[in-house]
Amino acid sequence: MSSFTGRVRKFLRTTGLKDFSQDLRERDTSIKGKFAIFPYLLCLLNHFSFTLLLWHHRQWAAPAFEDLMPYVSVMMKLNAYTNMPTPMRLRDLIRQIRAARTAADERAVVQKECAYIRSLFREEDNTWRCRNVAKLLYIHMLGYQAHFGQLECLKLIASPRFTDKRIGYLGSMLLLDERQDVHLLITNSLKNDLNSQTQFVIGLALCTLGVICSPEMSRDLAGEVEKLLKTSNAYVRKKAALCAFRIIKKVPELMEMFIPATRSLLTEKNHGVLITAVVLITEMCEKSPDALHHFKKLVSNLVRVLKNLIMSGYSPEHDVCGVSDPFLQVKILRLLRLLGKNDPDASEIMNDILAQVATNTETSKNVGNAILYETVLSIMDIKSESGLRVLGVNILGRFLLNTDKNIRYVALNTLLCTVQADYNAVQRHRSTIVECLKDPDVSIRKRAMELCFALVNASNIRSMTKELLIFLEKADPEFKSQCSSNLFISAEMYAPSKRWHIDTMIKVLTLAGNYVIDDVVGNLIQLISESSSLHTYTVQQLWKQLTGDLATKQPLVQVAAWCIGEFGDLLNSSEGQDASPVNVTPDEILDLFEKVTVNIHMTLTTKEYSVTALMKLSVRFPDLAPRIKRFLDIFGTNVNVELQQRAIEFSSLFRKFNHLRPSLLERMPAMENKSSRETVVQNGEVGEDELNTVKDDRENKNIEDSSVLLDLLSSTSETNFQPEVSHTEEKSTSGEPDLLDLLGGLELNTQNQSTLPPSTQNILLERYLTSQPEPEGIPPITAFEKNGLRIVFEFEKPPDNPEMIIINLVATNLSLSPINDFLLQAAVPKVCQLQLLPPSNNYIPANNLGKIQQTLKILNPSKNKQKLIIYRKQYICKCTGFYYIARYINRKTGFLGSQATGTRLHWDVHE
């Protein structure tokens, strides 16, 4: 038997099957003595070539059959055992997955392996559990489901072998988290391993606890971690410090337990312990003001550690590109920044070391730049000296010259945060910042643009605007809107002259095109309106810009339409400041606006500007009025309601009130600039109140006759009214056409129509708004009384001004419900001046238990009788309102026309 075994083993060595047979033997070490031959026999019996060789080498003596009979039963068991395939090694699995040509092939490999691993888990195979869990973790990293291996990880953690524990803890960190109850089963194993005598087992437990700790687990094991912070083993102390850091993030109230042990960590010479101690202290200071105050006593210790790092010589263990432990330096600088914020004493201690770091750090490598960046942030956040802050800004200026895009970006970002505190220092690097506008990186261009606007002031507005206009011309679409808005704000604040301001904004509208926001259009129109000496120059310059594809620069078209509508007759004028006639005929002007109006690519707003401009041009060029009327009649059936309404209103002016059209469409008065009363503070000027505003006292200001409606109707531009007209047409008693009849021919469907009482519709104050002497003691009149609301006018005339009449309005509420948000607005003809003082209140109690008083002052210098039109009453109550027709001016867009408008007031409905 022994000779036969020797021959078989000899054959296995020569045929290369020894490794496989040896693997089979290692499966079950309990096979001893004679049974050791059967794994070899099973291999050979399944190997066909052995049979051929057995007949070929007849000198070999085969064993007698009866000698093999006692081992037949054992052979059957061993055959069943050896037929189970050996689990694939991790490297083989990785090789198969990488060899997959498609995602479907990869999923097939993964699913097959996962099914095999599940079967081994069900059979409680302890031999290959470690290998199977390792493969499962790799599958989990690829994004496939691997949750069924969680309990197997717990079994590996409980194993006494370190290799099993290592895979088990790794699997727990990847497959478990605090949201799953399974992780609580690991608490006891963690506690046992934290008390182990092997530092590597303790390290595994600390790492796992830091990753998957829940509040409950943190409270249970915090005491064990605190003990490990006091051990003498540096390897364990640094891992315990990081674990304590994670525990404090989860449960901040456990912070006090670690404070005594943490202070002693700063005296450690091991850099790993030092850096983890700094991280732990930083977290404590951020979580608790008390801890921040406590650790301020350690500022001198931190400064000493940082100084030793700078002054120490070459240390191969900690050297990174010629810098001694840059990671520890960065962590210490961050902690110093936190401890020195708003603390002059702590900042004073740090000033010298920060200056040394800023001047002695090498900038040729990224590690040095990282340290300098953290140094600059610390300088800017603490109460540092002015010279040190200038040094920090200069470092950022040098960063802007670096070829690394990331360094340039962080430099711009930091300068943008510090520009208000150190404006003059940042201003010195303006040319470098402007060059960053040409950088190919979009993030750098964006930050450079924002920083350039922060540096604009009255002294550099011309040069900075020139550079920003060049940037705007080539800027990406996402930058044009923000850049154009900021250019307008900068020009409005620091413009050296109005002409330069207008030229700049026209250039912005030309370059930015349709990316300009609506506010820029309205504000530029207001600027042009108040610059009366530049009307001729402005309208001529705008006409010159109306070339090319106008659909791509519609904001410019809108401003040009308003200006040409107002001042179109000045296009060929040579009068005025810097005028240059354009030699254009009225027909060419109309041709342009007709093309704009019918262009399908134009927005509704642009078409509204164009239609309104055409209507105004009918007054500027009277000879073209018939052509304009024919063109506007076409839009009377337009599908757009707004254009249709405007066309109908304008056509009505031509047909019925042509004699009123010149006065209605005359040039608008200068618009008041609301921001003109604000005090402009230059960039870089730091005062106690940077933007002081002067209070607007409109109550004591005389409102000019032509701007009454602008102030009176300023809130109507954003209110949508429903046009409603009473079926009853009232004529003026004077025989002259009245504005109330402007749209009398329109047939509009209305509901709940009502008309004003005769006493208020025709003779309201008619006999009182005259310059003729009136008898003393004018009796009061009831101007309005309906549904419980009563408005009474009481009159008085000041003896020193016979042309003025003062109306004292008294409003009472006779209904059962109170009236809220009472608002009255009125308008007078152009020849009069109206001053509407604020009411005493906007709330009228029910049942006549209170009243509201309001004063109206009307000045009538003419000798004719005039009418007062109650333009609008607004309140919340149970009543129905009245309908009216009044002239209106939309202040935002400058549209001028007549609109039929109504106010309907219902239960608890805001109108």
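Over which residues does pLDDT stay under 50, and how many contacts beyond four places in sequence does the model have for them? In this predicted model, pLDDT (the predictor's confidence in each residue, from 0 to 100) stays under 50 over residues 685-775, a stretch with 180 contacts beyond four places in sequence, where a contact means heavy atoms within 4.5 Å. For the chain, the mean pLDDT is 76, with 73% of the residues reaching 70 or more. Over residues 44-83 the pLDDT is likewise below 50, and 32 contacts beyond near neighbours in sequence are found for this stretch.

Residues are numbered from 1 along each chain as its sequence is written, and side-chain values use heavy atoms, with hydrogens and water left out. Local features need pLDDT of at least 70 and side-chain atom pairs count only at pLDDT 80 or more, whereas totals for chains, interfaces and linings use all residues.

The structure holds 0 disulfides, a disulfide being a pair of cysteine sulfur atoms within 2.5 Å. The closest cysteine sulfur to that of Cys207 belongs to Cys243 and lies 8.4 Å away, which is too far for a bond. Cys207 is partly exposed at 32% relative accessibility, while Cys285 is buried at 5% (buried means under 20% relative accessible area, exposed over 50%, partly exposed in between, with a 1.4 Å probe and protein chains only).

Trp562 and Phe567 form an edge-to-face aromatic pair, with 6.0 Å between the centres and 80 degrees between the planes; rings of Phe, Tyr and Trp (its six-membered ring) pair if their centres lie within 6.5 Å, and planes under 30 degrees apart count as stacked, over 60 as edge-to-face and the rest as tilted. Trp562 is buried at 4% relative accessibility, and Phe567 is buried with a relative accessible area of 4%.
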